Every structure is written in C-alpha cells, then in structure tokens.
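Here is a short briefing to read alongside the model. Have the sequence and the 3D view open, and let's start with a charged pair.

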Amino acid sequence: LLLCHNSRMTGIIPTDFENKQQGALPRKEEFQKYLEKAGVVDQLTKILVALYELPDRPENALDFIKDYLGSHQRGEIEKLQMKVEEMETQITEKNKRIEELEAQMNLSAEKVPQSEESPEQFNE
C-alpha cells in the first residue's frame, strides 16, 4: 500500500501489485485445493518426511525424490521384465518342439512308400 501525500488528502491507495495479488488469491486457493484433491500434497509430504528421516542425507535430494516417486513403478517394471523372460523361454521351448515335430513329419513322409498310382485312380 502506498501512502499518498498531497496537499488536499492523505490516504491509502492499493498498488497494481496488490490488486494483482488479491486477484491471484482465489486462483492460488483453487490450485491448492486441486493439488490436495489429486493427492499431490500428501505425496510430497511423504517424500519430504522420508527425506527428513534418513540418517544420511543423499547428495542429490532431487534424485532421491525421483527414485521415491518411481519406486512403486520399479516393482511393476521388474514383474513385467520377469514375465517377458518367462515368455521368451516358453517361445524358445515351443520353437524347439515345432522343429522336432517337423523333423518327425519329414521322417514319416520319407518312410511311407510312394504308390505308383495317383490318388485320382482311387476315386474312380
């Protein structure tokens, strides 16, 4: 607030900055409610508490926060990686089995004597 000093009146007139601040207040409160509703405030609080409670402070607090936020995803990623490995093993085993069966079919086809008569002659 600025005090006006002139010969006729001394008063308090709000500055442009203060007008902008008052207009931003409802927007700020709305944003804060949004963050609270989305769980961001709780999550940030948990992260900061976890960082505070560490006996040894990490060198890079930002990396700690990133790791903390991604920790629940890390478990899911590991599960998916294990599943991929498992499926790759199954595919390899199935491909081997297919090759074995194809080899058996080829051997069986070679052992069956070829008839000189064509299949068409059997239909007549």
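R97 is partly exposed, with a relative accessibility of 43%; partly exposed lies between buried (under 20% relative accessible area) and exposed (over 50%), using a 1.4 Å probe and protein chains only. This is a predicted model, in which local features need pLDDT of at least 70, side-chain atom pairs count only at pLDDT 80 or more, and totals for chains, interfaces and linings use all residues. Residues are numbered from 1 along each chain as its sequence is written, and side-chain values use heavy atoms, leaving out hydrogens and water.

**The charged pair**
- R97 makes a salt bridge with E100, and their closest N and O atoms are 3.4 Å apart.
- The term means a side-chain nitrogen of Lys or Arg within 4 Å of a carboxyl oxygen of Asp or Glu, and by this rule the count is 1 salt bridge.
- Both R97 and E100 sit in helix α3 (residues 61–111), 3 residues apart, or about one turn of the helix.
- E100 is partly exposed too, at 44% relative accessibility.

**Fold layout**
- The protein has 4 helices and 2 strands, in the sequence order β-β-α-α-α-α.
- Helices (H or I, at least four residues) and strands (E, at least two) are DSSP runs, numbered from the N terminus.

**Burial, surface and contacts**
- Of the protein's 124 residues, 6% count as buried.
- Among contacts (heavy atoms within 4.5 Å) with a separation of 6 or more, 6% link residues 24 or more positions apart.
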